[in-house]
Every structure is written in C-alpha cells, then in structure tokens.
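Welcome! Please take a moment with the sequence and the fold before reading on.

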Amino acid sequence: MNTQTDITTQTEAILTGCCRWFVMRDLKRSNAKEPAYKMLKEMGYTVFTPMRWRLNKKRGRNEKTLEPVIRDLLFVNSSREELDPVVENVRTLQYRFRKGAPQGSVMEVPVPEMERFMAAVGSLDEPVYYSPEEILPSMIGKKVEVVGGALHGYVGHLLAIKGSRKKRILLQLPGILSVAVEVNPEYIKIVK
C-alpha cells in the first residue's frame, strides 16, 4: 500500500497542514499478535512507535526481537476526521489527553517537531529513551546546539550521566518522551 503516490499524498497532506501527529494509547496485551501500530500501518496510516531490540528466550534459545519501548505509546499522522472512526471501532485504541487541559483536548505533536525527533532516532543504532519521570534535574546539563554532522541545527540539553565519556544530547517531546542522542563533541555549540 506504500506506493510512491501514497507517499507523495502523505507528504502533501503534511505540508498543507491537514494531518497532525496524534499521541495514542494501545490497550492490547503485551503479547497480542496484532498491536495497534501494526494494524494502523496495514490500514495505510503513518505510524511511529519508539522501538528497541530485546533478547527473549523462546524454546530455550535467545532470540533478538524488536519491541516497543513503551508498549501503549504510538504516534499516528492523520486528521482527526479520519482517525475518529477507527478509534470508535477499535475498543483498545484511545487518544491520549492533556493533563490539566480542557476536557477532550487530545495530545498532539507539531509536525516539524515530530519529524525532527524521528530523524534523530532514525540516525541511531540503539536509541536510549527516557520517560518524563526518569529525567532528573541533575541529568540536564547546558543548553546546546548541534553545528554540523547529521543532526545539524538540533537544539537540546547535554545529558549528564556519571562515568560516561560520550557526549549525548537530550531531545524531548515535552511531557511524552525523550531520547539521548550521541553527538561528536566538535559539533556542539553552547547556547546562552
């Protein structure tokens, strides 16, 4: 279903602003055969689910499988009008709602911010994700900008981890998820 026409249509829809990245919740069991991110991809939606490699034992052998970092978290690029009927028909699929916002205010991520986040994650072999609760104030260092390299133009905070010799920048989707991205020190510029 991902033909060149579909990709062009999705790109045009993103550029014209008709589609947004909705933050969704999948309430299916962790061992479900068809989680929501797979089902939505088969239906033709653009879906992003933060994934990581994990070793699982099957029949006495270690097997490396790709699994969601947070089992119930997924991002779907669509319009609300297109997505509402799917949410109504699939009982285990829900929108995530903003805390402290008016009732019915669903969580969305701006398209440019989501695209930058996905590009940063895509540039890594094994991204390290953090939920908002895992990030302590002591972990957040100086605000920096990446000047050069694959992540040119990204702005984030240095990640301070004791004993680590690598320079990592913390890129955030505020209140949802963060990822630590390794950066060559020569590309880091401190922002004042």
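What follows is a short tour of a strand residue, a helix and the nonpolar cores. Please keep in mind that this is a predicted model.

**A threonine in β4**

Let us begin with Thr 65, which sits in strand β4 (residues 61-68). Is Thr 65 buried or exposed? Its relative accessibility is 16%, and buried means under 20%, so Thr 65 counts as buried. Leaving aside residues up to four places away in sequence, Thr 65 touches Arg 52, Trp 53, Arg 54 and Asn 56. The side chain of Thr 65 also makes these polar contacts:

| Side-chain pair | Distance |
|---|---|
| Thr 65 – Asn 56 | 2.8 Å |
| Thr 65 – Glu 67 | 3.5 Å |

**The two sides of α3**

Next comes helix α3 (residues 80-89), where Leu 83, Val 86 and Val 87 are buried. They lie on the same side of α3 because they cover an arc of only 100° around the axis. On the other side of α3, Glu 81, Glu 88 and Asn 89 are exposed. The cover over the buried residues of α3 includes β1 (20-26), α2 (36-42), β5 (73-78) and β6 (93-95).

**The cores**

Which residues touch the most other members of the largest nonpolar core? In this core of 28 residues, they are Phe 75 and Ile 176. At least two core residues come from each of β1, β5, α4 (111-122), β9 (140-146), β11 (168-173) and β12 (177-182). Helix α4 gives the most, with five residues. Apart from this core lies another, of 18 residues, with Met 51, Val 87, Val 90 and Val 106 among them. Val 87, then, is both a buried residue of α3 and a member of that other core.

Notes
Residues are numbered from 1 along each chain as its sequence is written. This is a predicted model: local features need pLDDT of at least 70, side-chain atom pairs count only at pLDDT 80 or more; totals for chains, interfaces and linings use all residues. Side-chain values use heavy atoms; hydrogens and water are left out. Helices (H or I, at least four residues) and strands (E, at least two) are DSSP runs, numbered from the N terminus. Buried means under 20% relative accessible area, exposed over 50%, partly exposed in between (1.4 Å probe, protein chains only). A polar contact is a pair of N or O atoms within 3.5 Å; within protein, one must be able to donate a hydrogen and the other to accept it, and residues adjacent in sequence count only if both atoms are side-chain atoms. Contact means heavy atoms within 4.5 Å. The arc is that of the directions from the helix axis to the C-beta atoms. A nonpolar core is a set of buried Ala, Val, Leu, Ile, Met, Phe, Trp, Tyr and Cys residues joined through side-chain atoms within 4.5 Å.
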